[in-house]
2 protein chains.
Amino acid sequence: MANQLYQNYTGTLQKIADIKYAAAVLQWDQETYLPPNGAALRGQQIATLTEFAHQQFTTPQLGQLLAQLQQEKLTPTELANVKLTQYDYTKNQKLPAAFVRQTSEAINAAYHAWVLARKQNNYSIFETPLAKIITLKQQEADLLGYQHHPYNALLNDYDPGQTVANLDAVFNNLIPQLQTLIQKISAAPQVNNSFLQQHYPKAQQWQFGIDVLTQMGYNFAAGRQDISEHPFTINFNSQDVRITTRIDEQDFANMLWSCIHEGGHALYEQGLPNQMYGLPLGEYASLSIHESQSRLWENNLGRSLPFWQYWYPKLQAIFVTQLQQVSLQQFYNGINQVTPSLIRTEADELTYHLHVYIRYLLEKDLITGTLTAKDIPTAWAELYKKYLGVTPHNHAQGCLQDVHWSHGSLGYFATYSIGSLYAAQLFTSLNNNGISTQIQQGNYTQILNWLRNNIHQYGRQFTGQQLCTTATGQALNSQFFIQYATQKYSSIYGIAL
Amino acid sequence: MANQLYQNYTGTLQKIADIKYAAAVLQWDQETYLPPNGAALRGQQIATLTEFAHQQFTTPQLGQLLAQLQQEKLTPTELANVKLTQYDYTKNQKLPAAFVRQTSEAINAAYHAWVLARKQNNYSIFETPLAKIITLKQQEADLLGYQHHPYNALLNDYDPGQTVANLDAVFNNLIPQLQTLIQKISAAPQVNNSFLQQHYPKAQQWQFGIDVLTQMGYNFAAGRQDISEHPFTINFNSQDVRITTRIDEQDFANMLWSCIHEGGHALYEQGLPNQMYGLPLGEYASLSIHESQSRLWENNLGRSLPFWQYWYPKLQAIFVTQLQQVSLQQFYNGINQVTPSLIRTEADELTYHLHVYIRYLLEKDLITGTLTAKDIPTAWAELYKKYLGVTPHNHAQGCLQDVHWSHGSLGYFATYSIGSLYAAQLFTSLNNNGISTQIQQGNYTQILNWLRNNIHQYGRQFTGQQLCTTATGQALNSQFFIQYATQKYSSIYGIAL
């Protein structure tokens, strides 16, 4: 009986997954190969699938099935799946199908407006679609319910259990220490990274990215890389996990670390248990944990000296004229240059958190209504002036740089900082003497295995906090990041930090 | 009231279209960019969408809505849509959802088996999945019901109203006349086409194809071309109509005419009224009419002397060493060489019908059970020996050459011949003195407009037979093809036919 009920449950959830992942394929297509005129109806097609999936997930039958299952004798794994589905079910029931469809359509309109507004440097094209998204997100917070702050309802979507109170505490500890570090660095003799801004032909950059991804362990039989406006990772099951990148021929820094970053996300998805397709234990734990995987590969590994001890000779052999005069140490220092700048995705590891913090401050105020879509460009400029000392010259360098709001992803940005903090803590745990030598040899097998064993295999079985505690022996502690940063940058800048 | 009901109707049908076209996007992705390991779950994802679309199209609510609508005062256009949907609804209700899902899954398994069997030249890999398809198709014929012959039920899927009796009559007239023509040609001095089998680099072939498609009027803002195992056209609405091709660097004949052929299909889909998205009047009339469009462009235009008077100098400029010794007349004669051969898609315009006729004979017997999947290789060889005098050396050149059976498309092949016959008749009607000069100038505007006005704009409003009669002044008459062929080949082979 339990067995039959559990099969009904998995059958139902896997069909819902089929629809959700079909919508994801349409999304992937939209951002890679969709011909321009195809966009008009694509939004509607995705909205219909999203609505269908939502309908299937909110039927009374599923509610009854879940209730029945919790009366049955289930294995611990089965029970874990059922309880997480019950959590999702309860939450989803709070959102009416029409609201979900309206949101999906608003997101589609906002995404296309964002692309156009960015292209034409005209914020007003995006303002109304964004205002619509914000209104819907405020409604969503009300529908979902929250304690203390409406933004908590949205944060919880990306990082279960995350709160404004907790993030305020984390940022209040992190930001002042970072500001001090950044001030000391800016007073020191600067490192040169002008060698990055030369002509690096597209085809060679692409191939180098593919080589790095391959060596990281990204399985191209279970994924592929394509070009898109904004790099992303998307999965249709753990055996079809795709990434995208963009290439700037005049800036080597634009592609490679983004490529490693998405590769880190993709390794997580490829490492999720495929037999749990459509079930909670086949899904990632939280976006903060997801980001810890991408950041660990991008920064703790991909911007480390041992990593480049292996790769730099290969890179020099490909880009001979561009790099023959640049030593490994100069390259390493250059790629780790700390400079307050305008673009989040191109920011160094330290100022990156300031970019995130600015978005966090803005989103909190957008959700409470203290700030409106109209105010964004001015507020953006003020906060960038205050925290980074820079002013955008156009909206693509300013408030139109991120795709997230056009995707309706308010509450998402904080996971980037939390992810980096997790990454530093995880990397400290797995970083023993042998690891450094392996990295110098381009061998990441032990690292990937450690992540597979400590993070990937569990899916959503544990929360981010639980995974962190099990893997590292303690809860999230931002001092691991501060220690990592202090050690790294005191060496690069030759100063006591 | 009528207005509100009609809006419910269009809303329902457009959501069903969203799901069906989403399945089509997954299909397109599967045959172009899907990483190998992604195939395992893709079949299930497509099956779920197909089942959902079918469920939505067979609800009692839709049945009631259609019944109500037919009591209301509707415009002629509205009534035409509703009546065609009623026809589809009645037909679909005959197929249980589980049967539709089973068929979709069997097709997926058969497709992958076909790819593998073809690659390994091992028919036995495909035999069992094909037997399953045949059984399901026999069941489908029984479920749908038929008069006189079970194959009629399947023919009707692709060409409404088509029957074994009618096709027997057409082929009984056509095949003997063709055999006589082919015999006379084979007794005449042969034309040389060896210049086609040289090295034609991929990139230049691809670009030439793109140039021809562009000049045909194929709108790349509403479509794109990619590479796949088997060329096909697929649409997600009339503003997103995609085609695929394959390129053989050692055989120029492999890509270009297939490219023009798919372009002809795509022009039809791009010409369907986009405001009728999801409704019958936004769909093609029949696959025979669809094929008439591709064949008209591929053969009546793309293998004509005026067409190459424009394109050949350009082709010679691209492939200088390959073609500098080949005159326009030699080229024209060569690309129209008539030779009994093994591969349908590479066959000339005359022997092509024999390839189709063989499949027609086989399918009729498979559906009645006179023949089984196991018998195919032997029966195939016997019929090819009898009608074309050739014997396949491997299955890829034989019974595994077509994707159709693996797609569950039994009853489809006859539309290729009927389409060619329509094409000849349509082309005779639009072919006045001015047209030839325009074709010599690479100007196809008048041709495309004529097809848009006489065929494309009507969607499914009229049957194939009705469109043919309206456009040409008479019902389908295979003598137009015989006349066209006699004239063309007597000139090429310099003989009286």
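A residue is called buried here when its relative accessible area is under 20%, exposed when that area is over 50%, and partly exposed in between (1.4 Å probe, protein chains only). The structure is a predicted model, in which local features need pLDDT of at least 70 and side-chain atom pairs count only at pLDDT 80 or more, while totals for chains, interfaces and linings use all residues; side-chain values use heavy atoms, with hydrogens and water left out. Residues are numbered from 1 along each chain as its sequence is written, and chains are lettered from A in the order in which they are written.

Glu140(A) sits in helix α6 (residues 123–144) of chain A; helices (H or I, at least four residues) and strands (E, at least two) are DSSP runs, numbered from the N terminus. Its side chain makes a polar contact with that of Lys137(A), at 3.1 Å. A polar contact is a pair of N or O atoms within 3.5 Å; within protein, one must be able to donate a hydrogen and the other to accept it, and residues adjacent in sequence count only if both atoms are side-chain atoms. Leaving aside residues up to four places away in sequence, Glu140(A) touches Leu95(A), Phe99(A), Leu154(A) and Asp157(A), contact meaning heavy atoms within 4.5 Å.

Most residues other than glycine have a negative phi. Asn121(A), not a glycine, has a positive phi of about 50°, and its 38% relative accessibility makes it partly exposed. In chain B, Asn121(B) also has a positive phi of about 50°.

Now for the meeting of the two chains. Here 39 residues of chain B are in contact with 39 residues of chain A. Six salt bridges turn up across this interface, a salt bridge being a side-chain nitrogen of Lys or Arg within 4 Å of a carboxyl oxygen of Asp or Glu. Asp240(B) and Arg42(A) form a salt bridge through their side chains, at 3.7 Å from N to O. On the side of chain B that touches chain A, the elements giving two or more residues are α1 (2–32), α2 (39–57), β2 (233–237) and β3 (240–245) of chain B. The biggest giver is α1(B), with ten residues.
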